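Here are my notes for your review. Please read them with the coordinates open.

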Amino acid sequence: MSRRHQFANLLEMSGSLAAVLKLRARAPVPWLSILTYHRFPATGGFECDDGVVDVTPEEFERQIACVKRHFNVVGIAELCAFAAGRPLPKNPVAIAFDDGYLGVYETALPILKKHNCKAMVFVATAVTTERLVHWWDRIAYVLKTSTRREMLLEYPVPVRLDLTGSRAQAIRSLLLLVKLRPSLDLPRFLSELSRAADVPWSAEFERRFSDQLLMTWDQIRALQKAGIDVESHTRTHRVLQTLSSSDLRDEIEGSREDLRRELGVPARALAYPVGYPLGWSSPVRAALERSGYEIGLTNGTGPTPLDGVVDRFDIRRQTVERDLSNAFFLTMLALPQFAPIHPVPSPSTTHGGG
Ligand SMILES: [Zn+2]
């Protein structure tokens, strides 16, 4: 058990956690915590990326009940007003779902409604419209189902992958390739992957796979109708910092147009696929400003301190990890400095695709 978990358990067992939460309600600390979720455990069907499963429905409901009891849940309107200089309510927390998995509609929506809890959902618009499968799920599926003992990829660089043991390492190395390779031709890479692994992949198969995994526009409109904020997660979930300027424009402006067409309102926020902060990438920032987005959200970057200057295009979010104890979850919110921060991914990091 990590030191953070030990500390959280100790706080709870000693009764201090309840005291800290009560104190926080009376004397709020200047932090904004935005919690990012992706997917509930699959209920069968296709092999896909396990790295994007965050909570069971029971854990999610427990967490939403805790958040509602102790904090003020905010949505996109409050976050945009905050970015424009107005204050947030005291003890602000926001709930976000990325990637458009079906569980948001089937599992999260009834729980959010029951607890009258706001949330924001970030969808990849072309993936939704064209009934595609996200690249990390496709990579995981192909590698998990290949009967090859090794595979040799030729694009974008020659790579030999050993498939005799655990395939997790091979999956991780290909996810990183997609995340970090500048100007990768993703469709070409994915077809090359199917060829090298000898795993067939067709448009018809992808559509069936997608229908089992991801929400349709009708389901997303039902979220919108229920008061959930639906915002952009680009068109095809590419890491924006790796794209050419025309691809960047298509992902940023194009997804805003797609959302306007499907939902009748323009997007105000974009959550960066994979979540890297923009800091070093001014072309992305310029494209966001040009397209009319009001805020941009990173991920895995921890809570946002509210007592300094907040960059509206680098608003932080923290990932909810699997198997968080209730004590750890509450401690992370009660004492924001305690929340884990994931480093910007490098070839040694291990989390999933979304
Ligand atoms: Zn994502």
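In what sense do β1 and strand β3 pair, and over how many bridges?

1. Keep in mind that this is a predicted model. To the question: β1 pairs with β3 (residues 92–98) in the parallel sense, over five bridges. Within this pairing, Tyr 37 stands opposite Phe 97 of β3.

2. Strand β11 (residues 318–319) runs parallel to β1, and two bridges join them. Here Thr 36 has Thr 319 as its bridge partner. Strand β10 (residues 304–305) pairs with β1 in the antiparallel sense, again over two bridges. Pro 305 in β10 is the bridge partner of Trp 31.

3. Now the burial of β1. The strand spans residues 31–37 and is mostly covered, with seven of its seven residues buried. Trp 31, Ser 33, Leu 35 and Tyr 37 point one way. Leu 32, Ile 34 and Thr 36 point the other way. Both sets are buried.

4. Next, helix α13. Which of its residues are buried? In this helix (residues 282–291), they are Val 284, Ala 287 and Leu 288. Seen down the axis of α13, the buried residues fall within an arc of 100 degrees, so they line one face of the helix. Ser 282 and Arg 290, on the other side, are exposed.

5. What do the buried residues of α13 pack against? They pack against helix α12 (245–263) and the strands β8 (269–271) and β9 (295–297).

Note on methods:
Residues numbered from 1 in each chain as written. Predicted model: local features only at pLDDT ≥ 70, side-chain atom pairs only at ≥ 80, totals over all residues. Buried ≥ 20, exposed ≤ 12 C-beta atoms within 10 Å, placed from the backbone. Helix = DSSP H or I, 4+ residues; strand = E, 2+ residues; numbered from the N terminus. Arc of directions from axis to C-beta. Contact = placed C-beta atoms within 7 Å. Pairing = 2+ DSSP bridges.
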